[in-house]
Amino acid sequence: MATVDASPGPFTFDPASTALLVIDMQRDFMEPGGFGETLGNDVAQLRRVIEPTAALLVACRALGLTVIHTREGHLPDLSDCPPAKLNRGEPSMRIGAPGPMGRILIRGEHGHDIIDELAPASDELVIDKPGKGAFYNTSLGDVLAARGIRSLVVTGVTTEVCVHTTVREANDRGYECLVLSDCVGSYFPEFQEAGLRMIAAQGGIFGWVAPSSSFIAALQ
Ligand code: C5J
């Protein structure tokens, strides 16, 4: 067992039953011309998570920890994109529209894939998801059960949307979640702060929060 110095208290985990989850580090959220920018966001806000997440991946891979990446996106015919999502808000381009990185948030397009800096290794799982949560309409639950995973170390974007939804889904399914504060990012600094506080509040209502340095130290 290993223990991380975390908030609201120590997070204890068995590396053999722990997976690193890297959520939606896709060009569509991280780079100009993608889904994030069509919604009016400054994608530069998210770039600070790249370097610590790359270092975290090196540490987890060296120890053989299970690493799972997710990508949010839709089938080319949009049959898995409900109108409530497609028509929401006033984006400059809707999901499926042709953008500079290919059709916005569509599987197989350049913008839908994970950024080069955090590209999955060949033996790492990539779960495509149509929703915000990584469990909704995906094989993630089965994959985790098959591997005996009980604890999730959660990273990715964006903190208050797909990271939060996934952590909440995971809680309801009985997983222990540690969110790494410098490896999750939001377009909104105030949501980043509040999102992290919500996880560890009330004695860890959704889980634990720690910087990646504390998690990496616990792995040594
Ligand atoms: C959003 C996500 N923000 N990956 N998706 O629409 O958080």
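Modeller: The model is a predicted one, and the part in question is the pair formed by helix α6 (residues 159–172) and helix α7 (residues 189–204). Two packed helices are described by the angle between their axes and the distance between the axes. Here the angle is about 15°, and the axes lie 10 Å apart. Angles under 35 degrees count as roughly parallel, and α6 and α7 are therefore roughly parallel to each other. The crossing of α6 past α7 is right-handed. On the α6 side the contact is made by Thr 159, Glu 160, His 164 and Val 167, while α7 contributes Phe 191, Gln 192, Gly 195, Leu 196 and Ile 199.

Most residues other than glycine have a negative phi, and most peptide bonds are trans. In the loop between β8 (151–157) and α6 lies Thr 158, and the peptide bond that joins Val 157 to Thr 158 is cis, with omega about -10°. Within helix α7 is Gln 202, a residue other than glycine whose phi is positive, near 55°. A residue counts as exposed if 12 or fewer other C-beta atoms lie within 10 Å of its own; Gln 202 has 9 such atoms and is therefore exposed.

Definitions and conventions. Residues numbered from 1 in each chain as written. Predicted model: local features only at pLDDT ≥ 70, side-chain atom pairs only at ≥ 80, totals over all residues. Axes fitted to C-alpha atoms, helices over the stretch in contact; angles between N-to-C directions. Helix = DSSP H or I, 4+ residues; strand = E, 2+ residues; numbered from the N terminus. Parallel < 35°, antiparallel > 145°, perpendicular 65-115°, else oblique. Left-handed = near helix turned anticlockwise from the far one by under 90°. Contact = placed C-beta atoms within 7 Å. Buried ≥ 20, exposed ≤ 12 C-beta atoms within 10 Å, placed from the backbone.
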